[in-house]
Amino acid sequence: MSDNTFFTFEHQEDGIAVITIDVPGESQNVLKMEFIEELEPVIDQVKSDSSIKGLIIRSGKAGSFIAGADITMFGKANTAEDAEKLSTDGHRIFNKIENLKKPVVAAIHGTCLGGGLELSLACSGRVISDSPKTKIGLPEVQLGVLPGGGGTQRLPRLVGIAPSLDMMLTGKQLFPKQAKKLGLVDEVVPEANLMKAAKKRVSDLRKGKEKKAPISSYFTMKGIQKLVLESNPIGRNIIFDQARKTVEKKTKGNYPAPKKIIECVEKGMSQGMEAGLAIEARNFGQLVVSPEAKALISVFFATTELKKDNGVDSDAEAVELNKIGVLGGGLMGSGIAYVSVDKAKKKVRVKDVREEGVNGALNYSWKLISKKMKKRIVSPSDARRTMSYLTGTTDYSGFKDTDMVIEAVFEDLDLKHQMVKDVEEHCSDNTIFATNTSSIPITKIAGGAKNPEKVVGLHYFSPVEKMPLVEIIATKKTEDWVIATCVALAKQQGKTPIVVNDGAGFYVNRILAPYINEAGILLNEGVAIEKLDKAMVQAGFPVGPITLLDEVGIDVATKVAPILEDAFGERMSTPKAFEKLKEDDRKGKKNKRGFYKYDGKSKGKEVDESVYSVLGISPDKHVDGKEIAERGLLLMANEAARCLDEGIIRSARDGDIGAIFGIGFPPFKGGPFRYMDSLGIETVVERLEHYQQLHGDRYKPADILVKMKSNSDSFHS
Ligand SMILES: C[C@H](O)CC(=O)SCCNC(=O)CCNC(=O)[C@H](O)C(C)(C)COP(=O)(O)OP(=O)(O)OC[C@H]1O[C@@H](n2cnc3c(N)ncnc32)[C@H](O)[C@@H]1OP(=O)(O)O
């Protein structure tokens, strides 16, 4: 047995050699350059040593095969050529593995992502554990780069062009059974049998019993048609054209990586492996140094940091929550109950004043859980067990032993005060009272509380099961352990939490308001509805501001607006357009009366032109889409800067993540603070002043920006 820094190499008596990867000082195995340098001579040794009949590559870490190339290496590459070399060095060693005339089997348990999967694709066989910890995929696109370890070449050759594009363009991670079905792996076995299965595969490969990986179900199940489509140039062109169209529709040209992935696969399939690898390395190099990749990588590291953050400046510890009460079985309450039972595995008791409300909440969870059951992500017995955590009531029975109660009732201060009183009466003195209000300051809700130190805001976004952010709002009195407990719960619910201080609109709604208001002002000036939406979608938001208003509800927005106007004055005043539409009983999608038509007759999305007559305008004003986008982005960023200055958010990092995960701020810009940094604070101030002269003081640059401009500062180092 020989020891290396990154792995041990063991030549066993049965003639099989085993490499056990265990990168020191890391919880996940990651591929570093030094690892490649260490591995190369060992592969040469395997090749030349005739007593070695086959090789198994496995991990020595629990729950992590290999999480990919070490992403920190990307930041150290100063030029595209530096980054290209990372890829070509990887290619050299992976080619050596592929070209060994001996079987090499990857024994995979735990995360097998990016470069980790690419290493295993260079092997002649792959066996994986059936553990829920085992996930397999090429997530590089989410970092703004592409699989640079041969993935764009080996994956399509193994599973087919269309399925490989699907994996690489979405970055999706597959569970073991899905990977097997796709033909990506040969065998799924219990973790305890992994090495036994790997050895058997080596032996079978030696005997020629298993020359090839099983044919992907993509070919076997969907039939010969697809095989024909992929095996001739005309058919392949159809697939690539379709992929390009889908990518363009989704990315609006804002993300360069997907296009380059398609190019790599296309060239590789038509010009051969060598040419494919060359273009892969070149494209990888260019992407690594692109501003989009830098922004997306910053989002990855910010999210990773937040996983370890307890949300407070002290070392306060979260208390264990055994049972959670949820007040209100509406959309938000149902969603909160679902993530609490299904993800956080907590006992949950839902209370609603109406029986139908309780049933609605239980059904909501059941629908989502049975969907997972149908997809075989959970077994029927697991699904039943999860549902058994969830119970309902129309009174406070079963609330005495709740450790936390989350209220999700109407946005009415008196009602919230009643909830606080009820919880004090029916629960214990230690029960945390969390409110899911999106607009009422938490300090006001805590006003009449006996234990205001246990009152906290827990602001989820709709739909709860999909939206990744939770805003945790602390008042001056909220105790640190209460905040730390909410942070821990949100993480268990699969969310990324940011802790903010109490203030009108908290953080997310506060920065959203001027952006939405600007759309209202432009609309009132005669800019067409679809133009406003298109400009922001083109800029990288998932939906435009007007569509968002229809989704959230014009009534809801106009309820939050006066709170913000009271707190911040004229710069937040509600545009006349929204008031007029509210008077016209337009609530948006929910009452099928909004900016768009919801009559079921319109083809696609159609503007409800009657909005213009309600507003007394004709939509013929021309404002360039780029200007619309810049105005919205600058107003949002300017307000974000004020939030940082006032201590509403704890850091620029939290502000970036809050905006991306809560609003859909374009991830390729890295969040409002990275956006301002990338423009340069001087430019931000100049652009705001330019619009201030044209449109008034709502564009006045935040004090912090003016200060930063004179010191040539940036938010992130
Ligand atoms: C050439 C190639 O094609 C290019 C590539 O391979 S690019 C990389 C592709 N891989 C990825 O994108 C995976 C990124 N990692 C993840 O998604 C998640 O970390 C994970 C699912 C692997 C594990 O998640 P989780 O268990 O919650 O652990 P998490 O807290 O995120 O990570 C643990 C540690 O591993 C680090 N880490 C994980 N993957 C890493 C990577 N690829 N590079 C560097 N560090 C990584 C994290 O930064 C964190 O470090 P820390 O403890 O010092 O803060």
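**Exercise 1. Decide whether Phe506 is buried or exposed, then describe its backbone.**

Solution. Start by counting: Phe506 has 27 other C-beta atoms within 10 Å, so Phe506 is buried. The cut-off behind this step is 20 or more such atoms. Keep in mind as you work that this is a predicted model. Finally, look at the backbone, where phi of Phe506 is near 50 degrees, a positive value in a residue other than glycine. Most residues other than glycine have a negative phi.

**Exercise 2. Classify Asp14 and see how far it is from Ile238.**

Solution. Begin with the loop between strand S2 (7-11) and strand S3 (16-21), where Asp14 is found. Asp14 counts as exposed because it has 11 C-beta neighbours inside 10 Å; the limit for this class is 12 or fewer. Now turn to the distance: Asp14 and Ile238 are 224 residues apart along the chain, and their C-alpha atoms are separated by 49 Å.

**Exercise 3. Describe how helix H5 and helix H12 meet.**

Solution. Take the geometry to begin with: the axes of H5 (residues 151-159) and H12 (residues 256-271) come within 9 Å and cross at roughly 65 degrees. The crossing is right-handed. Now list the residues: H5 contributes Thr152, Gln153 and Pro156, while H12 contributes Ile261, Cys264, Val265, Gly268 and Met269. Sorting this contact by class gives five nonpolar, three polar and no charged residues.

**Exercise 4. Characterise the shell around the ligand.**

Solution. Count the shell and you get 24 residues, the closest being Ala67, Gly68, Ala69, Gly114 and Gly115. Next, ask which elements contribute: strand S7 (111-113), helix H4 (115-121) and helix H14 (291-308) each supply at least two shell residues. To finish, the classes are eight nonpolar, twelve polar and four charged residues.

**Exercise 5. Identify the peptide bond geometry between Ser462 and Pro463.**

Solution. Read omega from Ser462 to Pro463: the value is near -5 degrees, and the bond is cis. Most peptide bonds are trans. As for the setting, Pro463 falls in the loop between strand S17 (455-460) and strand S18 (469-474).

Key: Residues are numbered from 1 along each chain as its sequence is written. This is a predicted model: local features need pLDDT of at least 70, side-chain atom pairs count only at pLDDT 80 or more; totals for chains, interfaces and linings use all residues. A residue is near a molecule or strand if its C-beta atom, placed from the backbone, lies within 6 Å of it. Helices (H or I, at least four residues) and strands (E, at least two) are DSSP runs, numbered from the N terminus. Ala, Val, Leu, Ile, Met, Phe, Trp, Tyr, Cys and Pro count as nonpolar, Asp, Glu, Lys and Arg as charged, and the others, Gly among them, as polar. Axes are lines fitted to C-alpha atoms, for helices over the stretch in contact, and angles run from 0 to 180 degrees between N-to-C directions. A crossing is left-handed if the near helix is turned anticlockwise from the far one by less than a right angle, and right-handed if clockwise. Two residues are in contact if their C-beta atoms, placed from the backbone, lie within 7 Å.
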